[in-house]
Amino acid sequence: MSDDTTPPLPNPDVLTQPFWEACRERRLQVSACEECNHLFLPPGPCCPRCWSTRQTPRVVSGEGRVYSFALYRRTYHPAIPEPYVVALIELDEGPRLISNVVGCAPEEVRVDMRVRVRFEDVDGFTLPRFEPLTMTGGAS
Amino acid sequence: MSRRAVITGVGHTAFGRSTDRSVSELETEAALSAVEDAGVSPSEVDGLLSDPGAMQGVLDGITPHYLRLGAQLGLDPDYTGSEILGGAGSVAVVERAVLAIEAGLCTTCLCIYADSTTSVKSAYRYGRGDDAVYGFFGAVGLHALAARRHMHLYGTKPEQLGEVAIAARAHAARTPHAQKRRPIEMQEYLSSDPIVEPLRKLDCCLVSNGAAAVLVTTEERARDLRRPAVQILGHAQAHSLCTQAAPEHFERLPAARCGPRALGQAGLGPRDVDVALLYDCFTIVVLLQLEDYGFCKRGEAGPFVEGGRIAPGGELPVNPSGGLLAEGYGGGMLHVVEAVRQLRGEAGERQIPEASVALVSGHGLGMNTHATLVLGR
Ligand SMILES: [Zn+2]
C-alpha cells in the first residue's frame, strides 16, 4: 500500500472522519465539549478535560501561531523531500495540532509567527497546512 | 517483616554497530555477567523483567519478549514481565524489581535491556498516526520542537547543546568499553550535519547492538555476597501522555514531578547528588533535565553547562561513562550499570571521588514517559 511515491496519508476512523471531511470542504474544525466548553484536538470519544461524551464540532478561524517547529534536513520518506518544516501550531481558539508551515522559505519560519490555514489536496485528502499570515510581519 | 531490595550485580556486552551476534546471544551474555558479578547461582533467579529495545520490540508476533528470554535462560520465575515505556523502560524495570522484591513476590530479580539492529521490525518508525502525513518522523523531530522552544524562550545557543555533546565524548574517552571514544571540540560539533534543525548529528544518540543487565535482590541475601550492595534511596515515575495537547509538553519533562518525589524519599535534594546519570537520547533532553531535577533554575541550563560543569572534573559530572551519546545506546540500563559502578568505586579512570549518591533517569517515547532512581552506598 505504501510505496516510495505515495506519501503517508490520513487513516480516518469513525472519530476523525468528520475532521477530514470538513477539511475537504475547506473548513478547519475542532471538538467542543458540551459540558465544560473545552475545545480539543485530535477528535476523541470523550472530552479529555471532563470525560463528557457530549460534544459538537466547531469550525475555527484557522488562524494561530507557531508554538515550535522542526526544520527537516533529512528525507525520511521519498515522497516528502527535505527541506520542510513540521510545526506545532497553536490555534487562536486554543487547540494545537501538528502540521507544516508552507508559503515561505523554511529558514523564515519563527516561533510565535502568525499563521493561517491553507488547505492542500494530496491524493484524495485535503491537508490543513499553514502559511504566514502576512509576509511583511505586520500585525493583523 | 519488611524486606529491602538492593542492587547486587551488573553486567553488559560490548556495545557497537557490529551485527554479527544475535540479540539472544547478547541477552545471554549480559545475564551471565550480572549473575557472575553478583556471585549468585542462576538457579536463584526467581524474577525476570525485561526492557526490549525499540528495534526488537516487546512482541514478536504474539510472543512477548520475557517469554522468549525466560525460555532461553531456562527460567520458571515467580514474577516476570516486559515494560513498554520506551527509554524509561530500563529504569522502570529496575524500579519494578524493587517493588516486587519488597512486596515478597520474588527474591532475586534479573533486569535485562537488549536490542540489535539485526532484529529491526517494520514497526520501528516514529510516524505517529496522522502526524506522519506531515513528514513528522523520528524521535529527532519531536526533540527538535523542544530544542527550538527552549532557544526561543531562553536564548539557548547551539554552542550550549554542543557542550553536552562534547562532555559526553570527553567522558567516553575515559571509558574503555565506550563506542565513541574520540574527543570532539566545538568546531566539529558546529559543523556536524544538520538532521532536523536545530539538532545536528552530534546532538543524537548512537545506534548500538548490545545488552545490559542488573540483578536486584534482598538486603539479607546480599549480605554475604562479594560485592557491596547498592541501596535504593528513592524511586518514582511521572508521565505526560497528552503530547501536544499538554500545555508544557515541549518545555518541561515529567521529571519535574517525579524527580522531587524520588529525591524526597531519600531526604535529599539536587545538591546532594554526586553523579547524575541522565537519559541523553538528544542533547536537549540533558538541558531540560538539569532544570527539571532542580540542578539549575528553569531556563538556565544553557549557561549551566558552559565551562565544563557537566564534563569530567566538573561540579556535576553527567554520564561519566559517556551515555547514549558516546558510550552506546544501552536503553537506560547502562546508566544504571554506571551508577552502580560509581557507587562501588569501580569506575577506574573515570571514578568520581567518593561518589555516594547517584541519580538515574529514563525518558521515553514522544517525551511521554519518565522514571527516576536515586541510588546510594
Ligand atoms: Zn469537557
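Among contacts in chain B between residues at least 6 apart in sequence, 76% join residues at least 24 apart. The model is predicted. Chain B has 377 residues and a radius of gyration of 19 Å, which agrees with the value near 21 Å that a compact globule of that length would have. Buried residues account for 60% of the chain.

**Overall form of chain B**

- The secondary structure of chain B consists of 12 helices and 13 strands.
- The C-alpha trace of chain B extends over about 55 × 45 × 40 Å along its principal axes.

**Helix α12 of chain B**

- Helix α12(B) covers residues 333–343; 11 of its 11 residues are buried, so the helix is largely enclosed by the rest of the structure.
- The buried residues of α12(B) include the charged side chains Glu338(B) and Arg341(B).
- Also buried in α12(B) are Met333(B), Leu334(B), His335(B), Val336(B), Val337(B), Ala339(B), Val340(B), Gln342(B) and Leu343(B).
- Gly345(B) follows α12(B) and has a positive phi, near 70°.

- Gln289(B) belongs to helix α9 of chain B, which runs over residues 283–292.
- The relative accessible area of Gln289(B) is 0%, which means that this residue is buried, the cut-off being under 20%.
- Leaving aside residues up to four places away in sequence, Gln289(B) touches Leu253(B), Leu278(B), Tyr279(B), Gly294(B), Phe295(B), Ser361(B) and His370(B).
- Gly366(B) sits in the loop between strands β12 (357–364) and β13 (369–376) of chain B.
- With a relative accessible area of 1%, Gly366(B) is buried as well.
- Gly366(B) and Pro52(B) are 314 residues apart along the chain, and a distance of 17 Å separates their C-alpha atoms.

**Cavities**

- The structure holds two cavities of 30 Å³ or more.
- The volume of the largest cavity is about 60 Å³.
- Its lining is formed by Val164(B), Ala167(B), Ala168(B), His171(B), Asp280(B), Val286(B), Ile310(B), Val318(B), Asn319(B) and Leu325(B).
- Helix α5 of chain B (residues 158–172) contributes the largest share of this lining, with four residues.
- By residue class, the lining of the largest cavity comprises seven nonpolar, two polar and one charged.

**Second largest pocket**

- The second largest pocket contains about 1,000 Å³ of space.
- It is lined by 37 residues, of which Leu41(A), Pro42(A), Cys242(B), Gln244(B) and Ala245(B) are the closest to its centre.
- Three elements of chain A give two or more residues to the lining of this pocket: α1 (17–24), β2 (39–40) and β6 (96–100).
- Of the elements, β6(A) gives the most to the lining of the second largest pocket, namely three residues.
- The lining of the second largest pocket divides into 21 nonpolar, nine polar and seven charged residues.

Technical notes. Residues numbered from 1 in each chain as written. Chains lettered and ligands numbered in written order. Predicted model: local features only at pLDDT ≥ 70, side-chain atom pairs only at ≥ 80, totals over all residues. Heavy atoms only, no water. 1 Å grid on protein atoms, 1.4 Å probe; cavity = no way out; pocket = protein on both sides within 12 Å on 5 of 7 lines; lining within 4 Å. Points joined across faces, edges and corners; volume = space filled by probe spheres on them. Rg over C-alpha atoms; globule rule 2.2 N^0.38 Å. Buried < 20%, exposed > 50% of the residue type's maximum accessible area, 1.4 Å probe, protein only. Contact = heavy atoms within 4.5 Å.
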